[in-house]
Amino acid sequence: MEMDAVCRLGHNFFEQIERLHRMICMQKMFLKLSPAEMMMLIQVEHCLEENPKGQGVKPSQLTAGGMLSKPAVSKMLGNLEEKGYLMRTASKRDRRVVYVNLTKLGTERLKEEREYRDNKIKNIINCMGREQMKLLSELMEEFLACAKKELTK
């Protein structure tokens, strides 16, 4: 394939990704949480499920394997706490240690957002067809593996 054709193919693909991103961003008008906030609440919930007898989640557990900086996590936790979705409490043993927990409102909002998004994705899959969606998912995994290999050189 000619280099110009390869470049056009790449540009078209990234343009499609950008259009999808814009559509997802438009959903913020209908939802109460941004995708990043949703992912943070899911991460908090996941950590709480892994350690149900604990006092909560330490913010350091929420850095997603180093993908998020501590200041970014701290800022997002502050925003979510301000909205009433999370509660931060200091450890009784060491006041320097802070734990994060979902509030009742946070749990309810997470459930509502999941139901809304699950409904949308079911409709998209029904429109596209399961086999086509499965193929797209497999191709995206292959693309991500190639991209990771190329971008970590």
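Author: Helices (H or I, at least four residues) and strands (E, at least two) are DSSP runs, numbered from the N terminus. By that rule M87 lies in strand β1, residues 86-90. The model is predicted: local features need pLDDT of at least 70, side-chain atom pairs count only at pLDDT 80 or more, and totals for chains, interfaces and linings use all residues. Residues are numbered from 1 along each chain as its sequence is written, and side-chain values use heavy atoms, with hydrogens and water left out.

Reader: Why is M87 called partly exposed?

Author: Buried means under 20% relative accessible area, exposed over 50%, and partly exposed in between (1.4 Å probe, protein chains only). M87 has 40% relative accessibility, so M87 counts as partly exposed.

Reader: Which residues does M87 touch, not counting residues up to four places away in sequence?

Author: Contact means heavy atoms within 4.5 Å. On that count M87 touches E81, Y99, V100, N101 and T103. M87 and G106 are 19 residues apart in sequence, and their C-alpha atoms are 9.3 Å apart in space.

Reader: What makes T103 buried?

Author: Its relative accessibility is 17%, and the term needs a value under 20%; therefore T103 counts as buried. T103 sits in the loop between β2 (98-102) and α4. Leaving aside neighbours within four places in sequence, T103 is in contact with G84, Y85, L86 and M87. The side chain of T103 also reaches the backbone nitrogen of G106, at 3.0 Å.

Reader: What makes the pair of R109 and Y85 a polar contact?

Author: A polar contact is a pair of N or O atoms within 3.5 Å; within protein, one must be able to donate a hydrogen and the other to accept it, and residues adjacent in sequence count only if both atoms are side-chain atoms. The side chains of R109 and Y85 make such a contact at 3.2 Å. R109 lies in helix α4, residues 104-128. Not counting residues up to four places away in sequence, R109 touches K32, L33 and Y85.

Reader: Is R109 buried or exposed?

Author: R109 is buried, because its relative accessible area is 13%.

Reader: Why is V73 called buried?

Author: V73 has 1% relative accessibility, so V73 counts as buried. Its place is in helix α3, residues 70-82. Apart from residues up to four places away in sequence, V73 touches M40, P59, L62, T63 and L68. V73 and L62 are eleven residues apart in sequence and 6.9 Å apart in space, C-alpha to C-alpha.

Reader: How many helices and strands does the chain have, and how do you know that the chain is more spread out than a compact globule?

Author: The chain has five helices and two strands, which run α-α-α-β-β-α-α from the N terminus on. The radius of gyration of the chain is 19 Å, well over the 15 Å that the globule rule gives for 153 residues, so the chain is more spread out than a compact globule. This radius is taken over C-alpha atoms, and the rule is 2.2 Å times the number of residues to the power 0.38. Along the principal axes, the C-alpha atoms fill a box of roughly 65 × 40 × 25 Å.

Reader: What share of the 153 residues is buried?

Author: Buried residues make up 21% of them. Among contacts between residues at least 6 apart in sequence, 53% join residues at least 24 apart.
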